[in-house]
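Dear colleague,

Here is the structure that I promised to hand over to you. Please have it open while you read the notes that follow.

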Amino acid sequence: MARIAIDMDGVMADTAQQFINYYEQHYGVRIDKESLNGHPEADGFPHEKAIIRSFLFEPGFFRTKPVIKDSQEVIKALQDKYEVFIVSAAIEFPGSLTEKIDWLQEHYPFISWQNIVFCGSKTIVQADYMIDDHIKNLQHFKGEALMYTAPHNINVTDYKRVNNWEEVGKLLL
């Protein structure tokens, strides 16, 4: 059975929308998601990047991220055809570990704890496919790399791109 490694943040959990939500809660200003296109993650806001990046360390940031549309249904269907692993470079934000587990249990209860991998670097990941939104995670991957569209990678052209979970389903199911 072929194996798929799926990133969590920016692929299953909407990180860009969460930054927008937190920014509005903190500063009372709603940012249009399209205005973030082409900017590195946490850039594109009126405040400096360090302030936006600080949201990553606030309790609840990872636990309350919105689920990306259609991801639950497509990932569940992928499990019938593939060995599916959720792979997150969560060690960078140690406070996120419990929040990510709780988030996965709530929104993806069909994913076994045995199929969740938290790591520091994804260079160790071996699979047939990897779906991720960051170049750093795809550039050393030996299988077929699929770039999941996010505002920060909108201008990247080096990888096969999937814009949404409907496209993932059409490609892999």
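At what angle do α3 and helix α6 pack? Helix α6 (residues 165-172) and α3 pack at an angle of about 20 degrees, and their axes, which are lines fitted to C-alpha atoms over the stretch in contact, are 9 Å apart. That makes α3 roughly parallel to α6, a term for angles under 35 degrees between N-to-C directions. The contact (heavy atoms within 4.5 Å) is made by Ser71, Val74, Ile75 and Leu78 of α3 together with Trp165, Val168, Gly169 and Leu172 of α6. Of these residues, six are nonpolar, two are polar and none is charged, where Gly counts as polar.

Please keep in mind that this is a predicted model, in which local features need pLDDT of at least 70 and side-chain atom pairs count only at pLDDT 80 or more, while totals for chains, interfaces and linings use all residues. Residues are numbered from 1 along each chain as its sequence is written, and side-chain values use heavy atoms, with hydrogens and water left out.

The structure also holds 12 aromatic pairs, meaning rings of Phe, Tyr or Trp (its six-membered ring) with centres within 6.5 Å. In one of them, the rings of Tyr22 and Phe61 have centres 5.0 Å apart and planes at 75 degrees, so the pair is edge-to-face, the word for planes over 60 degrees apart. Tyr22 lies in helix α1 (residues 15-27) and Phe61 in the loop between α2 (49-53) and α3 (71-78), 39 residues apart. Both Tyr22 and Phe61 are buried, that is, under 20% relative accessible area with a 1.4 Å probe, protein chains only.

Best wishes

Notes:
Rings of Phe, Tyr and Trp (its six-membered ring) pair if their centres lie within 6.5 Å; planes under 30 degrees apart count as stacked, over 60 as edge-to-face and the rest as tilted. Helices (H or I, at least four residues) and strands (E, at least two) are DSSP runs, numbered from the N terminus. Buried means under 20% relative accessible area, exposed over 50%, partly exposed in between (1.4 Å probe, protein chains only). Axes are lines fitted to C-alpha atoms, for helices over the stretch in contact, and angles run from 0 to 180 degrees between N-to-C directions. Angles under 35 degrees count as roughly parallel, over 145 as roughly antiparallel, 65 to 115 as roughly perpendicular and the rest as oblique.
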